[in-house]
Amino acid sequence: MSIQYFSDTHIFKLDTERTSYGIGVTEDGYVGHLYYGPRVRRLSAREGLRLHEAPPPAELGREKLAFLASFPFEYPTGGAGDFRESCLDVISEQGKPGCELFYRDYRIMDGKPGLPGLPAAFGTEREVQTLELDLEDPVLGLLVTLRYSVFAAEDVIVRSVLVRNGGTQRLRLGRVLSASMDMDNRGFSALGMFGAWGRECHKESISLHHGRQVISSERGVSSPQAHPFIGLTTPGTDEEKGEIYAMNFIYSGGFLAEAELSMFDQLRVVMGIQPRGFLWRLAPGETFAAPEAVLTYSAEGTGRMTRNLHRFYREHLIRSPWKNRTRPILINHWEGTFFDYDSSRLIRIAAAARECGAEMFVMDDGWFGARDSDNAGLGDWFVNEEKLAGGICVLAESIRALGMKFGIWVEPEMVNPDSELFRAHPDWAIQLDGREPSRSRNQLVLDITRREVRDAVMEPILNVLHEAEADYVKWDMNRYLSDLGSAALDEESQGELLHRYVLGMYEMQERLLAEFPELLFENCSSGGARFDPGMLYYSPQIWSSDDTDAIERLRIQEGLSMLYPMTCMGAHVSEVPNDQVGRVTPLETRANVAMAGSFGYELDITRTPEEEKELMRAQVGRYHRYHPLYERGEYYRLRSWSEAEPFDCWMVALPDGSEALITYVQVLGRPNVGGRKIYPRGLDPEAEYRIALVSGEGGEQREPVRSGDELMRAGLLMPPLRDFESRVLHLVRSWEDRI
Ligand code: DGJ
């Protein structure tokens with residue numbers, strides 16, 4: 001039993017393998033947060049609710065504000081006198097704010113319900129149990145269900161909220177966040193992921209001060225500027241020790257993650273849909289569903305958090321039939337040609353790549369309408385036959401004749417003003433009356449809250465994909481949302497635009513997958529602007545960044561792999577000097593870094609010298625031999641370049657410790673220095689391991705057989721390498737030599 005209710009103390013106790021979570025209810029129905037942390041046998045003390053400090057319930061009338069200032073709410077509401085951050089703001093028919101929730105009932109069920117129209121974690125009745133707490137605001141007739149799904153094996157609790165108008169007033173919701181937690185401060189810092197286009201998901205630790213610290217996106221996408229994740233770490237937390245409370249959001253639009261330190265040194269952490277610009281009408285009988293937030297706690301540093309989340313996303317969020325399959329090595333021509341191509345150039349690239357072992361060809365932007373640059377053509381989803389002579393089928397057949405799969409790029413949510421679609425339907429773009437909408441990459445955002453707009457783009461796209469019998473689709477999205485006006489929503493519903501947009505996009509992706517259930521689907525947004533758990537529900541991989549420089553990628557992939565399984569990260573080998581930073585890195589290092597993700601090449605391989613093609617053939621062989629370790633293994637970060645080390649090192653080990661792969665990348669080499677010790681993890685301490693150098697130079701391993709405990713405790717010496725060089729070591733347990 002993962003969930004228990006103790007009626008004598010009115011406490012709910014949720015247990016995973018290593019953690020417990022407690023909720024307590026007061027006599028008068030306030031629902032409070034009691035505990036989250038290492039697993040405990042019992043939760044019987046209600047003192048965590050602090051009722052002895054704030055006036056007891058009977059005296060609420062006199063000192064209610066003092067009670068609201070310190071009660072550790074499980075789901076705080078706004079307007080009644082708790083001045084800390086609120087999760088639910090409601091405006092009555094008379095325009096008055098205020099909401100207070102009181103406990104009414106509970107249900108415990110095996111399994112987990114989904115969320116209509118939203119991505120949602122899943123699991124069987126044996127894998128997950130769900131608690132629903134019904135709360136009510138009797139004045140408004142508002143019914144709020146707090147949902148907690150407990151994934152015991154992964155140490156994950158998934159929270160979401162359903163808000164139903166059970167009264168007679170027309171209500172408006174000013175915000176509906178998904179999760180909140182009130183805790184005593186223990187010197188916490190907040191861990192977040194920040195960045196920009198080309199520099200996505202760089203981790204950063206923020207020391208907390210009193211007041212509110214916000215990690216958020218107001219751009220209509222989860223964004224590269226901030227990631228929908230917040231971790232609270234105790235002092236000294238690193239990869240292996242210390243505590244972290246983590247929240248990640250299964251949503252792809254704007255979000256708010258916030259840590260607020262109160263005057264009493266209590267910490268409130270909230271996560272949910274970005275409230276700025278949000279205003280949702282809730283008519284009598286209607287329900288609003290808030291997306292899911294993923295919670296995990298680790299007492300073994302950020303490494304355990306990472307492994308909890310990786311297992312959880314693999315088993316309980318990613319649906320794709322591809323999630324456990326080795327994916328075909330792709331060749332994408334984008335960085336090699338940009339818009340300058342026709343089918344014969346594409347076929348030449350595909351043929352050269354096939355010869356090196358690539359298995360799938362991806363045709364990127366530029367194949368439709370008048371799309372010769374990024375100034376025109378978006379929205380016109382018919383094949384440009386000047387470029388693709390004879391149409392898409394001819395190209396697809398030529399690619400298949402090479403023995404390759406065929407993939408296609410699309411950007412369904414956007415329109416260029418210079419397009420037939422926009423000329424026919426100017427009101428289909430999101431824009432404000434009387435104002436010239438802000439362009440980005442010379443494009444506008446389509447109002448996909450409207451069914452007719454969704455249909456108008458999906459139908460021609462699906463036709464092309466059917467004609468081509470596409471094996472793979474890359475769904476791009478190349479700007480943020482601004483000028484938030486919809487011609488289809490009335491004046492009272494404009495505040496629903498951003499969330500309805502996300503729901504519309506999810507519906508379009510659902511439709512694509514329903515028509516192509518076997519599709520290998522990749523999301524992308526100007527690189528990694530929409531790399532979030534919501535998108536992983538639709539696509540098992542997401543393009544991580546338009547920055548493909550191997551060294552820049554170290555930070556980006558470090559941030560992403562703290563949260564998401566390695567195979568989710570789209571990672572390609574591109575040409576040097578690198579298009580973004582001009583850096584020249586060795587082909588082997590580019591491949592060793594890209595191989596941590598869903599691997600491919602992105603270049604005009606017809607220009608590649610023969611000796612490099614030889615290396616590529618070897619890389620392809622290595623991918624097939626070793627990439628399954630990334631697919632099934634546990635990830636351990638051994639050293640972080642982003643934390644001021646001159647090298648970066650990570651490894652994956654199969655859960656039983658039988659095999660492991662270590663990647664070591666020198667960032668800058670230094671003269672006259674000694675080698676560096678690394679300390680592998682996840683090995684079987686009692687076994688012996690054979691060690692083989694599978695990529696890189698720098699001397700043979702002197703002791704090719706070492707014991708697991710020695711490797712993990714005494715370490716493994718890596719020789720000094722030159723700028724940007726790398727090594728990959730394969731460790732395999734040798735049963736014959738078992739001690
Ligand atoms: C942005 C993507 O991140 C790139 O990979 C490429 O597909 C371009 N868009 C095409 O316009």
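1. Two strands pair if DSSP finds at least two bridges between them. Helices (H or I, at least four residues) and strands (E, at least two) are DSSP runs, numbered from the N terminus. Take one case: Ala653 stands opposite Ala660 in strand 32. Strand 31 (residues 647–653) and strand 32 (residues 659–666) run antiparallel, and seven bridges join them.

2. A word on the basis of this note. This is a predicted model, where local features need pLDDT of at least 70 and side-chain atom pairs count only at pLDDT 80 or more, while totals for chains, interfaces and linings use all residues. Residues are numbered from 1 along each chain as its sequence is written, and side-chain values use heavy atoms, with hydrogens and water left out.

3. Look next at strand 37 (residues 726–734). Eight of its nine residues are buried. Buried means under 20% relative accessible area, exposed over 50%, and partly exposed in between (1.4 Å probe, protein chains only). Strand 32 runs antiparallel to strand 37, with seven bridges joining them. Here Glu659 has Val732 of strand 37 as its bridge partner. Strand 34 (residues 688–695) is also antiparallel to strand 37 and is joined to strand 37 by seven bridges. In that pair, Glu688 stands opposite Ser734.

4. Strand 1 pairs with strand 2 (residues 11–15) in the antiparallel sense, over four bridges. Within that pair, Ile3 has Leu14 as its bridge partner in strand 2.

5. How many residues of strand 16 (residues 255–261) are buried? The count is seven of seven. Phe255, Ala257, Ala259 and Leu261 point one way from the strand. Leu256, Glu258 and Glu260 point the other way, and all are buried. Note that the buried residues of strand 16 include Glu258 and Glu260.

6. Strand 16 has partners to check. Strand 13 (residues 211–217) runs antiparallel to strand 16, and seven bridges join the two. Gln213 stands opposite Ala259 of strand 16. Strand 17 (residues 266–273) pairs with strand 16 in the antiparallel sense, also over seven bridges. Leu256 has Gly272 of strand 17 as its bridge partner. Strands 16 and 17 form a hairpin with four residues between them. In the turn, Asp265 has a positive phi of about 65 degrees.

7. Is Met271 buried or exposed? Met271 sits in strand 17. Met271 is buried, and its relative accessible area is 0%. Met271 and Asp8 are 263 residues apart in sequence. In space, they are 32 Å apart, C-alpha to C-alpha.

8. Helix 11 (residues 587–594) is mostly covered, with eight of its eight residues buried. Among them are Glu588, Arg590 and Asn592, along with Leu587 and Val593.

9. Which residues come nearest to the ligand? Of the 13 residues around the ligand, they are Asp364, Asp365, Lys474, Asp476 and Asp546. A residue is near a molecule if one of its heavy atoms lies within 4 Å of it. By class, this shell has four nonpolar, three polar and six charged residues. Here Ala, Val, Leu, Ile, Met, Phe, Trp, Tyr, Cys and Pro count as nonpolar, Asp, Glu, Lys and Arg as charged, and the others, Gly among them, as polar.

10. Finally, the ligand's contacts. A polar side-chain atom of Asp364 lies 2.7 Å from a ligand oxygen atom. An N or O atom in the side chain of Lys474 is 2.8 Å from an oxygen atom of the ligand. For Asp476, a side-chain N or O atom is 2.7 Å from a nitrogen atom of the ligand. The protein covers 98% of the 290 Å² of accessible area that the ligand has on its own. Such areas come from the Shrake-Rupley method with a 1.4 Å probe.

Definitions and conventions:
Polar contact = N/O pair within 3.5 Å; in protein donor to acceptor, adjacent residues only side chain to side chain.
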